[in-house]
Amino acid sequence: MSSEVRASGKNELPNEMTVTGWRRQSNTFSATDLVSSVASAVESGKSLNAYITTTPERAMDQARHSTERQKSGAGRALEGVVIGVKDNFCTADIQTTAGSRILEGFIPQYESFVTKKLLDAGAVFFGKTNLDEFGMGSSTENSAYGPTLNPCGIALGSSEFVPGGSSGGSAAAVAADQALAAMATDTGGSIRQPASFCGVVGFKPTYGACSRWGIIAYASSLDQAGVITKTVGDAALLMDVIAGSDPKDSTSVAYDFGGFEHSLRNTSGAFTVGIPRQFRDMSTTPDLEGVWQEIERRVSAAGGCVQLVDLPTIKYSLPTYYIIALAEASSNLARYDGVRFGYRANDPKNLIDLYERSRAEGFGRETKRRIMLGTYCLSAGYYDQYYAKAQRVRTMIYNDFARAFEAVDFLAWPTTPTPAFKFGSHNADPVSMYLEDVFTVPVNLAGLPAISLPIFQAANGMPMGGQLIGPRFSDARLLAVANSMLK
Amino acid sequence: MSLDKTTVAKIAYLARIEVPEADREHMAGELSKILEFVEQLGEVDTTGVVPMASVVDTGLRRRSDLVTDGGYVDAVLANAPDRAGSYFAVPKVVE
């Protein structure tokens with residue numbers, strides 16, 4: 001496994017298990033060969049538990065079809081590229097659980113907009129990757145299908161480290177060569193935080209850049225599809241396929257990004273990167289200090305200059321996020337009622353009993369906590385105190401970012417306060433787990449694009465990421481600058 | 001705000017999640033801790049600030065009032081825990 005190389009952020013060795021790397025070799029190494037090599041990586045890395053469901057036979061059929069198309073010169077944009085898909089994207093005829101017992105055995109009858117686009121571009125799905133239930137968590141410990149292990153930890157001889165979450169399965173699969181790339185979603189950091197913990201690249205596009213249709217909803221005003229890859233170039237290739245508006249999602253935006261992959265070929269030119277004083281002045285550790293310095297070094301090396309900026313309300317991002325996300329979750333998850341699909345409790349006495357027990361038995365602890373708190377924050381007498389208040393602070397955070405982007409082109413700060421923590425570290429206190437998201441949630445509240453880059457190795461040998469954040473719809477240029485920062 | 005067992009029972013009913021009597025005390029403690037954490041928003045002066053529901057302009061998009069979809073009863077019912085003919089089936093609701 002080459003995760004140690006990637007974790008060090010040096011990227012000198014070409015890793016062929018990337019989309020671009022495989023493409024270079026696809027004349028000698030066919031799509032079916034690729035599926036076989038992914039299948040053997042999944043088999044030998046079974047203990048990682050990166051996938052909830054694998055579909056190797058279907059992948060092999062798709063790969064055969066891809067090989068034929070390539071031979072006849074009819075290869076599409078992602079022909080034969082083997083991808084893992086987070087198990088909260090509905091995939092037609094393939095079990096989709098969202099990491100929840102309540103959806104065990106659920107077989108979607110339709111394909112999500114984003115996965116449909118990937119299939120139409122020739123991508124091959126190897127399976128559905130593990131996640132915290134409905135995306136609620138930062139470690140995959142909240143999955144009903146068992147936690148995923150961190151492959152970088154395994155490479156160091158330890159199975160104690162979490163892969164991050166909620167897209168822990170996607171990040172682990174990419175880091176362990178169990179897919180060339182993976183689809184994921186990010187509501188409060190679920191792409192970037194696991195990417196940081198597993199030493200890979202995680203890109204959350206501008207809110208609205210991709211359709212949410214067919215993605216199992218957690219918090220609709222924050223949920224965003226994105227990608228986990230080993231390189232920025234791979235992220236750009238996938239973005240060229242999945243971005244776009246969709247009549248079925250009225251929050252998706254028709255925006256011409258001008259070609260993500262294409263933008264990487266342009267030199268980025270001069271640019272300025274703001275460092276928020278409010279984050280820079282926080283108490284730090286040698287590891288975190290190392291990430292800060294690495295960010296500044298790489299910005300300069302890429303031709304950018306760094307300056308301090310003020311984001312006065314950013315320190316309220318976590319409480320704002322948790323109120324909004326939980327309120328939206330309580331509404332979105334009302335659909336799991338044991339009537340139309342999903343788990344139903346045995347022998348219900350009446351309809352209320354059917355609802356109450358199906359949901360009590362089907363949802364995990366954290367999901368129940370979040371639904372109940374969200375319900376409370378929306379209930380009569382508390383709506384203004386909690387939900388409306390959080391929506392107002394959200395406006396202030398959004399405006400802080402807008403003002404900052406008048407002065408600088410991008411912002412940057414670390415992705416996570418620490419490298420991967422150990423399983424069980426936050427069992428006693430849910431709030432301590434929420435604090436892990438301090439550097440990721442502000443971006444979701446403002447709907448901004450952000451990428452986590454594997455740029456630092458902590459003292460214990462585990463990777464840590466740095467984030468580059470841009471104004472809404474700056475995604476293509478953001479990737480171009482991020483790419484030059486990884487060189 | 002510190003929640004008590006009675007409030008937890010009320011929220012549980014509103015959320016339609018059964019929380020057994022024995023678990024309510026513990027749940028009240030956990031939920032109270034999270035509420036205490038989010039209550040720091042109380043110190044922010046939000047006078048005159050407009051609440052934000054979404055970063056995207058949420059004006060409703062209109063489309064022609066035409067049937068564009070439908071006619072697949074079996075797909076709709078494919079994941080039903082219980083069905084009766086072309087319907088979802090639930091326990092008797094009229095006592």
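The legends below describe salt bridges in a predicted model.

**Conventions.** In this predicted model, local features need pLDDT of at least 70 and side-chain atom pairs count only at pLDDT 80 or more, while totals for chains, interfaces and linings use all residues. Residues are numbered from 1 along each chain as its sequence is written, chains are lettered from A and ligands numbered from 1 in the order in which they are written, and side-chain values use heavy atoms, with hydrogens and water left out.

**View 1. The salt bridge between D120(A) and K116(A)**. A salt bridge is a side-chain nitrogen of Lys or Arg within 4 Å of a carboxyl oxygen of Asp or Glu; here the N to O distance is 2.9 Å. Helices (H or I, at least four residues) are DSSP runs, numbered from the N terminus. D120(A) is partly exposed at 44% relative accessibility, and K116(A) is partly exposed at 41%.

**View 2. The salt bridge between R192(A) and D186(A)**. The N to O distance is 2.8 Å. R192(A) is buried, at 0% relative accessibility, and D186(A) is buried with a relative accessible area of 0%. Buried means under 20% relative accessible area, exposed over 50%, and partly exposed in between (1.4 Å probe, protein chains only).

**View 3. The salt bridge between R357(A) and D353(A)**. Nitrogen and oxygen are 3.1 Å apart. Both residues are buried, and they stand four residues apart in helix α14 (residues 351-362) of chain A.

**View 4. A network of salt bridges**. Shared partners link R365(A), E366(A), R369(A), R370(A) and E30(B) into one network. Over all chains, the whole structure holds 28 salt bridges.

Notes. Helices (H or I, at least four residues) and strands (E, at least two) are DSSP runs, numbered from the N terminus.
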